[in-house]
Amino acid sequence: HLKGYVIMLGDVSRAFLHAILKEEDQFYVEPPPEWKAWRRSQGLDADNVVWRLLKQLPARRKAAAHWCDHVQKQLGEMKFIPYPAQPYFYARPGTRLVIETHMDDFDGLAKRSEAEALLPGLRRDLKLKASELAIVGAYNHVRRRRIKTTEGVLIQPNAKHLSNVVA
């Protein structure tokens with residue numbers, strides 16, 4: 001029985017831009033023509049300049065992995081630990097807080113008081129845009145239909161995926 005529990009849903013704005021590049025993945029880009037023109041107008045060299053990026057770009061192959069590492073680090077600082085068998089599910093020991101991450105989407109379940117205490121930190125540290133806390137009802141999240149009742153949460157699998165794994 002989940003009386004007093006709420007669902008937390010959220011999405012991170014520009015997620016990959018929050019993950020810091022690791023030393024071995026340094027990435028350089030040529031500045032845009034407008035910046036070069038401005039630099040020349042200041043009497044400065046614009047042709048022998050490249051920019052070293054400090055953050056990830058979404059189209060890079062390693063961006064997703066860096067983002068997941070960043071999320072795990074931030075949640076770890078908030079005392080969450082990943083489930084060993086499913087590293088994108090997190091729990092905070094000593095509480096009933098659980099969070100599922102799917103790239104830049106967050107889905108969580110908690111006592112209302114725990115959720116209300118947690119959300120400001122998630123908004124601040126992960127730039128999370130969180131929805132209102134859901135008490136009961138149906139909603140879609142991470143391409144799955146979820147139905148929350150006073151008895152629990154039913155997550156309906158994606159029909160296409162289900163047909164690929166069940167004979």
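Which residue in E7 does Ile7 stand opposite? Ile7 stands opposite Leu109. This is a predicted model.

**Strand E1 and its partner**
- Strand E1 covers residues 5-12.
- Seven of its eight residues are buried, so E1 is largely enclosed by the rest of the structure. Buried here means under 20% relative accessible area.
- E1 and E7 run antiparallel, and seven bridges join them.

**The largest cavity**
- The largest cavity holds about 50 Å³ of space.
- Three elements each give at least two residues to its lining: strand E1 (5-12), strand E7 (105-111) and helix H3 (112-126).
- Among the lining residues are Met8, Leu9 and Gly10.
- Phe106, Asp107 and Gly108 also line this cavity.
- Leu119 and Leu122 are part of the lining too.
- Ile99 and Leu128 complete the list.
- By class, the lining has seven nonpolar residues, two polar and one charged.

**The second largest cavity**
- About 30 Å³ of space lies in the second largest cavity.
- Its lining consists of Trp67, Cys68, Val71, Tyr88, Tyr90, Thr101 and Met103.
- Two elements supply two or more of these residues: helix H2 (63-77) and strand E5 (86-91).
- H2 gives the largest share, with three residues.
- Six of the lining residues are nonpolar and one is polar. None is charged.

- Where does His102 sit? His102 is in strand E6, which spans residues 98-102.
- Is His102 buried, partly exposed or exposed? His102 counts as partly exposed, because its relative accessibility is 39%.
- His102 and Cys68 are 34 residues apart in sequence. In space, their C-alpha atoms are 9.0 Å apart.
- Cys68 is also one of the residues that line the second largest cavity.

**To take away**
- E1 has seven buried residues out of eight, and E1 is joined to E7 by seven bridges.
- H2 supplies three residues to the lining of the second largest cavity.

Note on methods
Residues numbered from 1 in each chain as written. Predicted model: local features only at pLDDT ≥ 70, side-chain atom pairs only at ≥ 80, totals over all residues. Heavy atoms only, no water. 1 Å grid on protein atoms, 1.4 Å probe; cavity = no way out; pocket = protein on both sides within 12 Å on 5 of 7 lines; lining within 4 Å. Points joined across faces, edges and corners; volume = space filled by probe spheres on them. Helix = DSSP H or I, 4+ residues; strand = E, 2+ residues; numbered from the N terminus. Nonpolar A, V, L, I, M, F, W, Y, C, P; charged D, E, K, R; others polar. Buried < 20%, exposed > 50% of the residue type's maximum accessible area, 1.4 Å probe, protein only. Pairing = 2+ DSSP bridges.
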